[in-house]
Amino acid sequence: MNERPNSTENQAGPCGILCGSCPMGGGTIAEAAGRTRQNIADCEIPNWAPFVPGGEAIDWAAVDLGLAWMETHGRCAGCENGGGPPDCTIRVCAREKGYDLCSSCEELEGCTRFEWLRDQGQMIKDRLNENRGLSKEEYLKKMTAKMP
C-alpha cells in the first residue's frame, strides 16, 4: 500500500472530483507523512525536543504511530477501485441510480448528498451542472485540461 497508485490519474468519482487532484488519491498525504517520519528520525528530533520549550510535552511515539498510519492508509484508490469513504452517500446514490457522474441525475440541483463536502460541495455541484451531457470520458478530458 506504500506504492503511489497511478490508477487514480484518469479517474473521477461520480461527484466529479478528479481523483488524481485529491491529496488522498494523488498520494500526497501518504508521501508527506513518510517524509516527515524520516525527517524526524534523521534529525533525531525526539532526542533534542525536550530542551526546546514545549518539546517535553510531545509524545513522539504517538506522533510516529500517527504518521505511520497516515503513510499506510493516507491513500485512496478512487471510487472506481473501491477507495473513498465506504459510506459516501454520493457514490452509493450514483451506483443505485446507475450513473457514472452525478451530472446525469435530474435531482442534482436539489441534492443534499454533497453537504458533507462543506464549502466545496456547492462548487462541485455547480461544475457538474455546467458539464451536463458530457460522458465521463469527456468530463475527465475537459477537467484535466483545466488543471495546472
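Biologist: Leaving aside its neighbours within four places in sequence, which residues is Ser-103 in contact with?

Modeller: Please bear in mind that this is a predicted model. Apart from its neighbours within four places in sequence, Ser-103 touches Leu-108, Leu-128, Asn-131 and Arg-132.

Biologist: Where is the place of Ser-103?

Modeller: Ser-103 sits in the loop between α4 and α5.

Biologist: And is Ser-103 buried or exposed?

Modeller: Ser-103 counts as buried, because its relative accessibility is 4% and the cut-off for buried is under 20%.

Biologist: Which other residue is found in the loop between α4 and α5?

Modeller: Arg-118 is one of them; that loop runs between α4 (89-97) and α5 (119-130). Arg-118 has 72% relative accessibility and therefore counts as exposed. Its backbone also deserves a remark: Arg-118 has a positive phi of about 55 degrees although it is not a glycine.

Biologist: What is the phi of Glu-44?

Modeller: The phi of Glu-44 is near 50 degrees, which is a positive value in a residue other than glycine. Glu-44 lies in the loop between α1 (28-42) and α2. With a relative accessible area of 47%, Glu-44 is partly exposed.

Biologist: Let us turn to the cysteines. How many disulfides does the count come to?

Modeller: The count comes to 0 disulfides.

Biologist: What about the sulfur of Cys-76?

Modeller: For Cys-76, the closest cysteine sulfur is in Cys-19, at 6.2 Å, which is again too far for a bond.

Biologist: Are Cys-19 and Cys-76 buried or exposed?

Modeller: Cys-19 counts as buried at 9% relative accessibility. Cys-76 counts as buried too, at 16%.

Biologist: A change of topic: where is Val-52?

Modeller: Val-52 belongs to the loop between α2 (45-48) and α3 (60-73). At 38% relative accessibility, Val-52 counts as partly exposed.

Biologist: Now the chain as a whole. How many helices and strands are there?

Modeller: The chain has 6 helices and 0 strands. Read along the sequence, the pattern is α-α-α-α-α-α.

Biologist: What radius of gyration does the chain have?

Modeller: The radius of gyration is 19 Å, whereas a compact globule of 148 residues would have one near 15 Å. Along its principal axes, the C-alpha trace spans about 60 × 30 × 25 Å.

Biologist: What share of the residues counts as buried?

Modeller: Of the 148 residues, 34% count as buried. As for the surface, the chain exposes about 9,400 Å², and carbon and sulfur atoms supply 54% of that area.

Biologist: Of the contacts between residues at least 6 apart in sequence, what share joins residues at least 24 apart?

Modeller: The share is 60%.

Biologist: Lastly, how many positive and negative side chains does the chain have?

Modeller: There are 16 positive and 22 negative side chains, and the centres of these two sets lie 6 Å apart.

Methods
Residues are numbered from 1 along each chain as its sequence is written. This is a predicted model: local features need pLDDT of at least 70, side-chain atom pairs count only at pLDDT 80 or more; totals for chains, interfaces and linings use all residues. Side-chain values use heavy atoms; hydrogens and water are left out. Helices (H or I, at least four residues) and strands (E, at least two) are DSSP runs, numbered from the N terminus. The radius of gyration is taken over C-alpha atoms; the globule rule is 2.2 Å times the number of residues to the power 0.38. Buried means under 20% relative accessible area, exposed over 50%, partly exposed in between (1.4 Å probe, protein chains only). Contact means heavy atoms within 4.5 Å. Accessible areas come from the Shrake-Rupley method with a 1.4 Å probe; for residues, only the protein chains shown count as cover. Lys and Arg count as positive and Asp and Glu as negative; His and the chain ends are not counted. The place of a charge is taken as NZ of Lys, CZ of Arg, CG of Asp or CD of Glu. A disulfide is a pair of cysteine sulfur atoms within 2.5 Å.
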